[in-house]
There are 2 protein chains.
Amino acid sequence: MFAILADPVDHVRTPGVFNAWFAARRIDAVLVPIEVPPAGLAALLDGLRAMTNLGGFVVTMPHKTAMVGLADEASRTAQLIGAANTVRRDRDGRLIATMFDGEGFVAGLRSHGHEPRGRRVWMAGAGGVACAIAFALAEAGVGRLTIHNRTAAKAVELAARVRAAYPTLEVAAGSAHPGGHDIVINGTALGLHDGDALPCDPAALRPDMLVAEVVMQPETTALLAAATARGCRIHHGIHMLDEQIRLMAAFMGIEPRA
Amino acid sequence: MFAILADPVDHVRTPGVFNAWFAARRIDAVLVPIEVPPAGLAALLDGLRAMTNLGGFVVTMPHKTAMVGLADEASRTAQLIGAANTVRRDRDGRLIATMFDGEGFVAGLRSHGHEPRGRRVWMAGAGGVACAIAFALAEAGVGRLTIHNRTAAKAVELAARVRAAYPTLEVAAGSAHPGGHDIVINGTALGLHDGDALPCDPAALRPDMLVAEVVMQPETTALLAAATARGCRIHHGIHMLDEQIRLMAAFMGIEPRA
(Lines give C-alpha, C1' and ligand atoms only; values in the text may rest on other atoms or scores of the structure.)
Protein backbone atom coordinates (compact mmCIF):
# COMPACT_ATOMS: atom_id res chain seq x y z
CA MET A 1 0.00 0.00 0.00
CA PHE A 2 1.09 3.48 -0.92
CA ALA A 3 -0.77 6.80 -0.71
CA ILE A 4 -0.78 10.45 -1.61
CA LEU A 5 -1.66 13.06 1.04
CA ALA A 6 -3.41 16.21 -0.17
CA ASP A 7 -6.21 18.68 0.63
CA PRO A 8 -8.22 18.83 -1.51
CA VAL A 9 -7.40 15.56 -3.24
CA ASP A 10 -9.81 15.69 -6.21
CA HIS A 11 -7.37 17.18 -8.73
CA VAL A 12 -4.51 14.82 -7.85
CA ARG A 13 -3.38 12.59 -10.73
CA THR A 14 -0.68 10.66 -8.86
CA PRO A 15 -2.79 7.53 -8.10
CA GLY A 16 -3.61 6.96 -11.78
CA VAL A 17 0.01 7.43 -12.81
CA PHE A 18 1.45 5.18 -10.09
CA ASN A 19 -1.17 2.47 -10.47
CA ALA A 20 -0.57 2.26 -14.23
CA TRP A 21 3.16 2.07 -13.45
CA PHE A 22 2.55 -0.79 -10.97
CA ALA A 23 0.27 -2.62 -13.42
CA ALA A 24 2.77 -2.36 -16.28
CA ARG A 25 5.42 -3.98 -14.03
CA ARG A 26 3.04 -6.54 -12.49
CA ILE A 27 3.80 -5.12 -9.02
CA ASP A 28 1.15 -6.12 -6.46
CA ALA A 29 0.72 -2.64 -4.99
CA VAL A 30 -1.73 0.24 -5.10
CA LEU A 31 -1.46 3.97 -4.39
CA VAL A 32 -4.59 5.63 -3.01
CA PRO A 33 -5.60 9.24 -2.28
CA ILE A 34 -5.81 10.42 1.33
CA GLU A 35 -7.46 13.79 1.92
CA VAL A 36 -6.41 15.35 5.21
CA PRO A 37 -6.68 18.98 6.35
CA PRO A 38 -3.57 20.62 7.86
CA ALA A 39 -5.03 20.44 11.37
CA GLY A 40 -5.32 16.65 11.06
CA LEU A 41 -1.92 15.92 9.53
CA ALA A 42 -0.05 15.03 12.73
CA ALA A 43 -2.80 12.60 13.81
CA LEU A 44 -2.92 11.06 10.34
CA LEU A 45 0.85 10.50 10.37
CA ASP A 46 0.62 8.72 13.74
CA GLY A 47 -2.02 6.51 12.15
CA LEU A 48 0.20 5.76 9.14
CA ARG A 49 3.12 4.93 11.46
CA ALA A 50 0.84 2.18 12.87
CA MET A 51 -0.12 0.83 9.42
CA THR A 52 2.29 -2.05 8.87
CA ASN A 53 1.42 -2.73 5.22
CA LEU A 54 2.20 0.86 4.16
CA GLY A 55 5.43 1.33 2.20
CA GLY A 56 5.31 5.10 1.96
CA PHE A 57 3.43 8.04 0.53
CA VAL A 58 3.62 11.03 -1.71
CA VAL A 59 2.90 14.44 -0.20
CA THR A 60 1.42 17.41 -2.01
CA MET A 61 -0.30 20.71 -1.25
CA PRO A 62 -0.72 21.93 1.41
CA HIS A 63 1.42 19.49 3.42
CA LYS A 64 4.89 19.61 1.86
CA THR A 65 6.37 22.16 4.26
CA ALA A 66 4.85 20.72 7.44
CA MET A 67 6.09 17.24 6.50
CA VAL A 68 9.75 18.16 7.07
CA GLY A 69 9.09 18.83 10.75
CA LEU A 70 6.58 16.02 11.29
CA ALA A 71 8.65 13.21 9.75
CA ASP A 72 11.05 11.28 11.98
CA GLU A 73 13.92 12.08 9.62
CA ALA A 74 14.33 14.45 6.64
CA SER A 75 16.96 14.29 3.90
CA ARG A 76 19.49 17.11 3.40
CA THR A 77 17.60 18.15 0.23
CA ALA A 78 14.30 18.33 2.10
CA GLN A 79 15.92 20.36 4.90
CA LEU A 80 17.59 22.77 2.45
CA ILE A 81 14.31 23.32 0.58
CA GLY A 82 12.18 23.21 3.70
CA ALA A 83 9.68 20.87 2.07
CA ALA A 84 9.19 17.18 1.32
CA ASN A 85 7.05 15.34 -1.22
CA THR A 86 7.99 11.70 -0.61
CA VAL A 87 7.99 9.74 2.62
CA ARG A 88 9.18 6.20 3.15
CA ARG A 89 7.73 4.18 6.04
CA ASP A 90 10.46 1.97 7.48
CA ARG A 91 9.48 -1.37 9.01
CA ASP A 92 9.79 0.08 12.52
CA GLY A 93 7.22 2.75 11.63
CA ARG A 94 9.69 5.63 11.26
CA LEU A 95 8.82 8.12 8.51
CA ILE A 96 11.75 9.31 6.34
CA ALA A 97 11.01 12.37 4.18
CA THR A 98 12.72 13.72 1.09
CA MET A 99 11.92 15.99 -1.87
CA PHE A 100 11.98 15.02 -5.55
CA ASP A 101 10.04 17.93 -7.11
CA GLY A 102 13.18 19.76 -8.21
CA GLU A 103 15.17 16.70 -9.27
CA GLY A 104 12.11 15.34 -11.12
CA PHE A 105 11.48 18.63 -12.93
CA VAL A 106 15.10 18.90 -14.13
CA ALA A 107 15.11 15.22 -15.15
CA GLY A 108 11.92 15.89 -17.15
CA LEU A 109 13.55 18.79 -19.00
CA ARG A 110 16.56 16.63 -19.84
CA SER A 111 14.54 13.60 -20.94
CA HIS A 112 12.80 15.88 -23.43
CA GLY A 113 16.04 17.30 -24.79
CA HIS A 114 16.14 20.54 -22.82
CA GLU A 115 19.47 20.71 -20.99
CA PRO A 116 19.23 23.60 -18.50
CA ARG A 117 23.03 23.95 -17.91
CA GLY A 118 24.15 27.46 -18.85
CA ARG A 119 20.65 28.64 -19.82
CA ARG A 120 18.97 31.79 -18.53
CA VAL A 121 15.87 30.73 -16.60
CA TRP A 122 12.88 32.79 -15.48
CA MET A 123 10.53 31.18 -13.00
CA ALA A 124 7.20 32.27 -11.50
CA GLY A 125 6.60 31.25 -7.92
CA ALA A 126 8.35 31.03 -4.59
CA GLY A 127 6.28 28.35 -2.90
CA GLY A 128 7.17 24.74 -2.21
CA VAL A 129 7.40 23.46 -5.80
CA ALA A 130 9.14 26.59 -7.07
CA CYS A 131 11.66 26.47 -4.24
CA ALA A 132 12.52 22.84 -5.00
CA ILE A 133 12.93 23.65 -8.70
CA ALA A 134 15.10 26.68 -7.94
CA PHE A 135 17.57 24.62 -5.91
CA ALA A 136 17.59 21.84 -8.54
CA LEU A 137 18.21 24.35 -11.35
CA ALA A 138 21.08 25.84 -9.36
CA GLU A 139 22.48 22.35 -8.84
CA ALA A 140 22.08 21.70 -12.60
CA GLY A 141 24.27 24.72 -13.38
CA VAL A 142 21.89 27.20 -15.02
CA GLY A 143 23.57 30.42 -16.23
CA ARG A 144 21.09 32.78 -14.59
CA LEU A 145 17.98 32.35 -12.46
CA THR A 146 15.29 35.03 -12.16
CA ILE A 147 12.47 34.42 -9.70
CA HIS A 148 9.16 36.28 -9.98
CA ASN A 149 6.45 36.11 -7.36
CA ARG A 150 3.28 38.14 -6.84
CA THR A 151 4.42 38.69 -3.27
CA ALA A 152 7.82 40.06 -4.26
CA ALA A 153 9.37 39.66 -0.81
CA LYS A 154 9.05 35.88 -1.10
CA ALA A 155 10.98 35.92 -4.40
CA VAL A 156 13.71 38.07 -2.85
CA GLU A 157 13.93 35.69 0.08
CA LEU A 158 14.12 32.57 -2.12
CA ALA A 159 16.77 34.17 -4.34
CA ALA A 160 18.83 34.93 -1.24
CA ARG A 161 18.51 31.36 0.01
CA VAL A 162 19.63 29.93 -3.34
CA ARG A 163 22.51 32.42 -3.53
CA ALA A 164 23.64 31.42 -0.05
CA ALA A 165 23.87 27.76 -1.15
CA TYR A 166 25.26 28.52 -4.67
CA PRO A 167 27.32 31.74 -4.27
CA THR A 168 28.61 31.86 -7.86
CA LEU A 169 25.14 31.66 -9.46
CA GLU A 170 23.55 34.86 -10.79
CA VAL A 171 20.16 34.63 -9.06
CA ALA A 172 17.73 37.47 -8.34
CA ALA A 173 14.09 38.37 -7.92
CA GLY A 174 12.52 39.85 -11.07
CA SER A 175 9.42 41.21 -12.75
CA ALA A 176 6.51 39.45 -14.52
CA HIS A 177 8.27 40.01 -17.86
CA PRO A 178 10.48 37.03 -18.81
CA GLY A 179 12.26 38.82 -21.68
CA GLY A 180 15.97 38.03 -21.93
CA HIS A 181 15.60 34.43 -20.72
CA ASP A 182 15.77 31.09 -22.54
CA ILE A 183 13.48 29.01 -20.34
CA VAL A 184 10.22 30.25 -18.73
CA ILE A 185 8.81 28.11 -15.94
CA ASN A 186 5.49 28.32 -14.14
CA GLY A 187 6.26 27.10 -10.64
CA THR A 188 2.92 28.27 -9.20
CA ALA A 189 -0.54 26.68 -9.08
CA LEU A 190 -1.87 29.32 -11.51
CA GLY A 191 -3.58 27.53 -14.38
CA LEU A 192 -5.15 24.83 -12.23
CA HIS A 193 -8.48 26.67 -12.16
CA ASP A 194 -10.47 28.40 -14.89
CA GLY A 195 -9.97 32.14 -14.74
CA ASP A 196 -6.57 32.03 -13.01
CA ALA A 197 -4.26 34.89 -13.96
CA LEU A 198 -1.31 33.98 -16.21
CA PRO A 199 1.93 33.56 -14.24
CA CYS A 200 3.80 35.89 -16.65
CA ASP A 201 3.12 38.57 -19.21
CA PRO A 202 2.42 36.61 -22.43
CA ALA A 203 3.49 39.57 -24.58
CA ALA A 204 7.08 38.90 -23.47
CA LEU A 205 7.13 35.33 -24.83
CA ARG A 206 9.40 34.86 -27.85
CA PRO A 207 9.56 31.90 -30.29
CA ASP A 208 13.05 30.89 -29.12
CA MET A 209 11.82 30.37 -25.55
CA LEU A 210 10.91 27.08 -23.93
CA VAL A 211 7.81 27.47 -21.71
CA ALA A 212 7.45 24.82 -19.01
CA GLU A 213 4.64 24.03 -16.58
CA VAL A 214 4.32 22.35 -13.21
CA VAL A 215 0.50 22.34 -13.36
CA MET A 216 -0.62 18.91 -14.59
CA GLN A 217 -4.34 19.43 -15.00
CA PRO A 218 -5.50 20.74 -17.42
CA GLU A 219 -2.78 19.18 -19.56
CA THR A 220 -2.56 22.37 -21.63
CA THR A 221 -2.85 25.34 -19.30
CA ALA A 222 -3.69 28.88 -20.42
CA LEU A 223 0.05 29.65 -20.22
CA LEU A 224 0.98 26.74 -22.51
CA ALA A 225 -1.79 27.74 -24.95
CA ALA A 226 -0.48 31.33 -25.02
CA ALA A 227 3.09 30.05 -25.48
CA THR A 228 2.05 27.83 -28.40
CA ALA A 229 0.19 30.76 -29.97
CA ARG A 230 3.39 32.81 -29.81
CA GLY A 231 5.52 30.06 -31.38
CA CYS A 232 7.32 28.82 -28.24
CA ARG A 233 8.19 25.21 -27.53
CA ILE A 234 6.25 23.95 -24.53
CA HIS A 235 6.90 21.39 -21.79
CA HIS A 236 3.93 19.88 -19.89
CA GLY A 237 3.55 19.57 -16.13
CA ILE A 238 3.11 15.80 -16.33
CA HIS A 239 6.79 15.29 -17.27
CA MET A 240 7.93 16.30 -13.78
CA LEU A 241 5.66 13.64 -12.31
CA ASP A 242 6.68 10.97 -14.84
CA GLU A 243 10.34 11.42 -13.92
CA GLN A 244 9.59 11.47 -10.22
CA ILE A 245 7.84 8.09 -10.33
CA ARG A 246 11.19 6.32 -10.78
CA LEU A 247 12.84 8.34 -8.04
CA MET A 248 9.93 7.97 -5.61
CA ALA A 249 9.47 4.25 -6.29
CA ALA A 250 13.14 3.55 -5.62
CA PHE A 251 13.09 5.64 -2.43
CA MET A 252 10.01 3.83 -1.12
CA GLY A 253 11.67 0.48 -1.81
CA ILE A 254 9.32 -0.60 -4.60
CA GLU A 255 12.09 -1.29 -7.10
CA PRO A 256 15.85 -0.94 -6.83
CA ARG A 257 17.04 2.35 -8.27
CA ALA A 258 18.35 1.57 -11.75
CA MET B 1 -12.16 5.57 0.00
CA PHE B 2 -13.03 2.60 2.14
CA ALA B 3 -10.77 0.14 3.98
CA ILE B 4 -10.59 -3.08 5.90
CA LEU B 5 -8.59 -3.24 9.15
CA ALA B 6 -6.91 -6.55 9.98
CA ASP B 7 -3.71 -8.13 11.31
CA PRO B 8 -2.49 -9.99 9.39
CA VAL B 9 -4.23 -8.73 6.28
CA ASP B 10 -2.90 -11.20 3.68
CA HIS B 11 -5.80 -13.68 3.84
CA VAL B 12 -8.52 -11.01 3.67
CA ARG B 13 -10.80 -11.27 0.62
CA THR B 14 -12.97 -8.22 1.35
CA PRO B 15 -11.15 -5.75 -0.98
CA GLY B 16 -11.62 -8.00 -4.03
CA VAL B 17 -15.30 -8.55 -3.23
CA PHE B 18 -16.07 -4.88 -2.55
CA ASN B 19 -14.07 -3.57 -5.49
CA ALA B 20 -15.86 -5.92 -7.90
CA TRP B 21 -19.14 -4.74 -6.36
CA PHE B 22 -18.14 -1.08 -6.91
CA ALA B 23 -17.02 -1.78 -10.48
CA ALA B 24 -20.25 -3.60 -11.39
CA ARG B 25 -22.21 -0.53 -10.22
CA ARG B 26 -19.82 2.04 -11.70
CA ILE B 27 -19.25 3.51 -8.22
CA ASP B 28 -16.07 5.64 -8.06
CA ALA B 29 -14.77 4.10 -4.84
CA VAL B 30 -12.13 1.65 -3.70
CA LEU B 31 -11.67 -0.48 -0.58
CA VAL B 32 -8.08 -1.12 0.48
CA PRO B 33 -6.42 -3.33 3.11
CA ILE B 34 -4.92 -1.71 6.21
CA GLU B 35 -2.75 -3.92 8.40
CA VAL B 36 -2.48 -2.64 11.95
CA PRO B 37 -1.39 -4.47 15.10
CA PRO B 38 -3.62 -4.19 18.20
CA ALA B 39 -1.16 -1.83 19.89
CA GLY B 40 -1.47 0.62 17.00
CA LEU B 41 -5.25 0.52 16.57
CA ALA B 42 -6.11 3.62 18.62
CA ALA B 43 -3.49 5.73 16.80
CA LEU B 44 -4.69 4.43 13.44
CA LEU B 45 -8.29 5.36 14.26
CA ASP B 46 -7.24 8.90 15.17
CA GLY B 47 -5.55 9.03 11.76
CA LEU B 48 -8.68 7.79 10.00
CA ARG B 49 -10.81 10.36 11.86
CA ALA B 50 -8.58 13.00 10.16
CA MET B 51 -8.96 11.44 6.68
CA THR B 52 -11.78 13.46 5.12
CA ASN B 53 -12.21 11.30 1.99
CA LEU B 54 -12.79 8.12 4.01
CA GLY B 55 -16.39 6.87 4.06
CA GLY B 56 -15.86 4.01 6.47
CA PHE B 57 -14.17 0.68 6.96
CA VAL B 58 -14.69 -2.98 7.62
CA VAL B 59 -13.08 -4.46 10.73
CA THR B 60 -11.89 -8.03 11.13
CA MET B 61 -9.62 -10.10 13.35
CA PRO B 62 -8.19 -9.17 15.80
CA HIS B 63 -9.88 -5.78 16.10
CA LYS B 64 -13.63 -6.46 16.26
CA THR B 65 -13.92 -6.42 20.05
CA ALA B 66 -11.68 -3.40 20.63
CA MET B 67 -13.59 -1.40 18.02
CA VAL B 68 -16.73 -1.17 20.18
CA GLY B 69 -14.85 0.79 22.83
CA LEU B 70 -12.68 2.83 20.47
CA ALA B 71 -15.47 4.06 18.17
CA ASP B 72 -17.26 7.29 19.06
CA GLU B 73 -20.59 5.50 18.99
CA ALA B 74 -21.63 1.82 18.79
CA SER B 75 -25.00 0.42 17.71
CA ARG B 76 -27.19 -1.55 20.13
CA THR B 77 -26.30 -4.74 18.20
CA ALA B 78 -22.57 -4.06 18.52
CA GLN B 79 -22.93 -3.35 22.24
CA LEU B 80 -25.01 -6.51 22.83
CA ILE B 81 -22.48 -8.65 20.96
CA GLY B 82 -19.46 -6.74 22.24
CA ALA B 83 -17.92 -6.55 18.78
CA ALA B 84 -18.16 -4.50 15.59
CA ASN B 85 -17.21 -5.24 12.00
CA THR B 86 -18.36 -2.10 10.18
CA VAL B 87 -17.57 1.53 10.94
CA ARG B 88 -18.98 4.57 9.23
CA ARG B 89 -16.96 7.81 9.27
CA ASP B 90 -19.35 10.75 9.53
CA ARG B 91 -18.36 14.05 7.92
CA ASP B 92 -17.34 15.47 11.29
CA GLY B 93 -14.85 12.60 11.75
CA ARG B 94 -16.94 10.63 14.27
CA LEU B 95 -16.68 6.86 13.92
CA ILE B 96 -19.96 4.92 14.25
CA ALA B 97 -19.57 1.15 14.72
CA THR B 98 -21.99 -1.70 14.17
CA MET B 99 -21.91 -5.46 13.55
CA PHE B 100 -23.27 -7.28 10.50
CA ASP B 101 -21.62 -10.71 10.92
CA GLY B 102 -24.69 -12.31 12.43
CA GLU B 103 -27.26 -10.56 10.25
CA GLY B 104 -25.16 -11.33 7.16
CA PHE B 105 -24.78 -14.99 8.05
CA VAL B 106 -28.52 -15.47 8.59
CA ALA B 107 -29.31 -13.55 5.38
CA GLY B 108 -26.89 -15.87 3.55
CA LEU B 109 -28.69 -18.95 4.85
CA ARG B 110 -32.04 -17.54 3.76
CA SER B 111 -30.86 -16.43 0.32
CA HIS B 112 -29.75 -20.04 -0.26
CA GLY B 113 -33.07 -21.50 0.82
CA HIS B 114 -32.14 -22.45 4.39
CA GLU B 115 -34.66 -20.80 6.73
CA PRO B 116 -33.29 -21.20 10.29
CA ARG B 117 -36.60 -20.47 12.07
CA GLY B 118 -37.55 -23.45 14.22
CA ARG B 119 -34.45 -25.48 13.32
CA ARG B 120 -32.09 -27.10 15.82
CA VAL B 121 -28.68 -25.48 15.38
CA TRP B 122 -25.27 -26.63 16.60
CA MET B 123 -22.42 -24.12 16.38
CA ALA B 124 -18.70 -24.38 17.07
CA GLY B 125 -17.08 -21.27 18.51
CA ALA B 126 -17.67 -18.57 21.09
CA GLY B 127 -15.47 -15.81 19.67
CA GLY B 128 -16.51 -12.63 17.91
CA VAL B 129 -18.06 -14.14 14.76
CA ALA B 130 -19.74 -17.00 16.64
CA CYS B 131 -21.19 -14.58 19.19
CA ALA B 132 -22.68 -12.40 16.45
CA ILE B 133 -24.17 -15.44 14.73
CA ALA B 134 -25.59 -16.78 18.00
CA PHE B 135 -27.50 -13.54 18.66
CA ALA B 136 -28.69 -13.36 15.04
CA LEU B 137 -29.89 -16.98 15.14
CA ALA B 138 -31.75 -16.24 18.36
CA GLU B 139 -33.31 -13.19 16.71
CA ALA B 140 -34.23 -15.36 13.69
CA GLY B 141 -36.19 -17.73 15.96
CA VAL B 142 -34.22 -20.98 15.86
CA GLY B 143 -35.81 -23.85 17.79
CA ARG B 144 -32.69 -24.78 19.73
CA LEU B 145 -29.11 -23.48 19.85
CA THR B 146 -26.18 -25.58 21.08
CA ILE B 147 -22.81 -23.89 21.38
CA HIS B 148 -19.57 -25.88 21.46
CA ASN B 149 -16.19 -24.37 22.21
CA ARG B 150 -12.81 -25.95 22.97
CA THR B 151 -12.66 -23.71 26.04
CA ALA B 152 -16.01 -24.86 27.39
CA ALA B 153 -16.39 -21.99 29.84
CA LYS B 154 -16.62 -19.54 26.94
CA ALA B 155 -19.50 -21.53 25.42
CA VAL B 156 -21.30 -21.60 28.76
CA GLU B 157 -20.85 -17.86 29.10
CA LEU B 158 -22.10 -17.12 25.55
CA ALA B 159 -25.12 -19.38 26.04
CA ALA B 160 -25.96 -17.49 29.23
CA ARG B 161 -25.67 -14.14 27.47
CA VAL B 162 -27.97 -15.25 24.64
CA ARG B 163 -30.43 -16.72 27.14
CA ALA B 164 -30.49 -13.45 29.07
CA ALA B 165 -31.50 -11.57 25.90
CA TYR B 166 -33.85 -14.32 24.57
CA PRO B 167 -35.27 -16.02 27.70
CA THR B 168 -37.64 -18.37 25.82
CA LEU B 169 -34.94 -19.85 23.57
CA GLU B 170 -33.51 -23.29 24.41
CA VAL B 171 -29.79 -22.43 24.33
CA ALA B 172 -26.95 -24.34 26.00
CA ALA B 173 -23.28 -25.24 25.78
CA GLY B 174 -22.67 -28.68 24.25
CA SER B 175 -20.15 -31.28 23.13
CA ALA B 176 -18.21 -31.65 19.86
CA HIS B 177 -20.89 -34.09 18.61
CA PRO B 178 -23.60 -32.29 16.63
CA GLY B 179 -26.01 -35.27 16.56
CA GLY B 180 -29.65 -34.33 16.99
CA HIS B 181 -29.34 -30.99 15.18
CA ASP B 182 -30.47 -29.82 11.72
CA ILE B 183 -27.85 -27.18 11.02
CA VAL B 184 -24.13 -27.44 11.89
CA ILE B 185 -22.15 -24.20 11.80
CA ASN B 186 -18.42 -23.61 12.09
CA GLY B 187 -18.14 -20.22 13.76
CA THR B 188 -14.39 -20.57 14.47
CA ALA B 189 -11.28 -19.87 12.36
CA LEU B 190 -10.53 -23.61 12.18
CA GLY B 191 -10.07 -24.54 8.53
CA LEU B 192 -8.22 -21.37 7.58
CA HIS B 193 -4.85 -23.13 7.84
CA ASP B 194 -3.69 -26.54 6.62
CA GLY B 195 -3.67 -29.03 9.46
CA ASP B 196 -6.28 -27.26 11.58
CA ALA B 197 -8.42 -29.61 13.68
CA LEU B 198 -12.03 -30.07 12.52
CA PRO B 199 -14.49 -27.95 14.52
CA CYS B 200 -16.77 -30.97 15.15
CA ASP B 201 -16.66 -34.76 15.13
CA PRO B 202 -17.29 -35.67 11.46
CA ALA B 203 -18.66 -39.10 12.44
CA ALA B 204 -21.73 -37.31 13.83
CA LEU B 205 -22.63 -35.71 10.48
CA ARG B 206 -25.82 -37.09 8.88
CA PRO B 207 -27.08 -36.62 5.30
CA ASP B 208 -30.09 -34.59 6.47
CA MET B 209 -27.85 -31.96 8.05
CA LEU B 210 -26.83 -28.64 6.54
CA VAL B 211 -23.16 -27.87 7.30
CA ALA B 212 -22.24 -24.16 7.10
CA GLU B 213 -18.92 -22.36 7.26
CA VAL B 214 -17.72 -18.89 8.20
CA VAL B 215 -14.17 -19.56 6.91
CA MET B 216 -13.92 -18.12 3.39
CA GLN B 217 -10.50 -19.29 2.30
CA PRO B 218 -10.06 -22.07 1.27
CA GLU B 219 -13.49 -22.02 -0.35
CA THR B 220 -14.00 -25.69 0.57
CA THR B 221 -12.61 -26.26 4.05
CA ALA B 222 -11.79 -29.68 5.50
CA LEU B 223 -15.15 -29.53 7.33
CA LEU B 224 -17.09 -28.90 4.12
CA ALA B 225 -15.18 -31.70 2.37
CA ALA B 226 -16.02 -34.09 5.22
CA ALA B 227 -19.66 -32.98 5.14
CA THR B 228 -19.90 -33.56 1.40
CA ALA B 229 -18.34 -37.00 1.81
CA ARG B 230 -21.06 -37.87 4.31
CA GLY B 231 -23.86 -36.64 2.07
CA CYS B 232 -24.68 -33.37 3.81
CA ARG B 233 -25.69 -30.17 2.07
CA ILE B 234 -23.03 -27.49 2.55
CA HIS B 235 -23.05 -23.70 2.77
CA HIS B 236 -19.82 -21.78 2.03
CA GLY B 237 -18.26 -19.01 4.14
CA ILE B 238 -18.35 -16.53 1.27
CA HIS B 239 -22.17 -16.28 1.45
CA MET B 240 -21.98 -14.44 4.77
CA LEU B 241 -19.69 -11.85 3.18
CA ASP B 242 -21.79 -11.55 0.01
CA GLU B 243 -24.88 -10.71 2.06
CA GLN B 244 -22.96 -8.32 4.28
CA ILE B 245 -21.78 -6.24 1.32
CA ARG B 246 -25.28 -4.81 0.84
CA LEU B 247 -25.69 -4.13 4.56
CA MET B 248 -22.24 -2.60 4.96
CA ALA B 249 -22.49 -0.48 1.81
CA ALA B 250 -25.82 0.97 2.91
CA PHE B 251 -24.49 1.67 6.42
CA MET B 252 -21.41 3.45 5.05
CA GLY B 253 -23.61 5.59 2.82
CA ILE B 254 -22.45 4.09 -0.47
CA GLU B 255 -25.94 3.24 -1.66
CA PRO B 256 -29.32 3.71 -0.01
CA ARG B 257 -30.51 0.54 1.67
CA ALA B 258 -32.97 -1.07 -0.75
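Two residues are in contact if their C-beta atoms, placed from the backbone, lie within 7 Å. The structure shown is a predicted model, in which local features need pLDDT of at least 70, side-chain atom pairs count only at pLDDT 80 or more, and totals for chains, interfaces and linings use all residues. Residues are numbered from 1 along each chain as its sequence is written, while chains are lettered from A and ligands numbered from 1 in the order in which they are written.

**View 1. Met51(A) and its contacts in chain B.** Met51(A) lies in the loop between helix H2 (41-49) and strand S3 (56-59) of chain A; helices (H or I, at least four residues) and strands (E, at least two) are DSSP runs, numbered from the N terminus. Not counting residues up to four places away in sequence, Met51(A) touches Ile34(B), Glu35(B), Val36(B) and Leu44(B). A residue is buried if 20 or more other C-beta atoms lie within 10 Å of its own, exposed if 12 or fewer, and partly exposed in between, with C-beta atoms placed from the backbone. Met51(A) counts as buried because it has 25 C-beta neighbours inside 10 Å. From C-alpha to C-alpha, Met51(A) and Arg230(A) are 51 Å apart in space, and 179 residues separate them in sequence.

**View 2. The contact between chains A and B.** Chain A contributes 19 residues and chain B contributes 20 residues. On the side of chain B that touches chain A, strand S2 (31-35) and helix H2 (41-49) of chain B each supply at least two residues. H2(B) gives the most, with six residues. By class, this side of chain B has 13 nonpolar, four polar and three charged residues. Here Ala, Val, Leu, Ile, Met, Phe, Trp, Tyr, Cys and Pro count as nonpolar, Asp, Glu, Lys and Arg as charged, and the others, Gly among them, as polar. The copies meet through the same surface, because 95% of the interface residues of chain B are also interface residues in chain A.

**View 3. The axis relating the two copies.**

**View 4. The six-stranded sheet of chain A.** This open sheet has the order S9-S8-S7-S10-S11-S12, with parallel pairing; two strands pair if DSSP finds at least two bridges between them. Strand S9 (170-173) and strand S12 (233-235) of chain A stand at the edges, each with a single partner strand, so one side of each is left without a neighbour in the sheet. Strand S7 (residues 120-124) and strand S10 (residues 183-186) of chain A pair in the parallel sense over four bridges. Trp122(A) stands opposite Val184(A) in S10(A).

**View 5. Helix H8 and strand S11 of chain B.** Leu223(B), Leu224(B) and Ala227(B) are buried in helix H8 (residues 222-229) of chain B. What covers the buried residues of H8(B) includes strand S10 (183-186), strand S11 (210-213) and strand S12 (233-235) of chain B. S11(B) pairs in the parallel sense with S10(B) over four bridges and with S12(B) over three bridges. Ala212(B) is the bridge partner of Ile185(B) and stands opposite His235(B) in S12(B).
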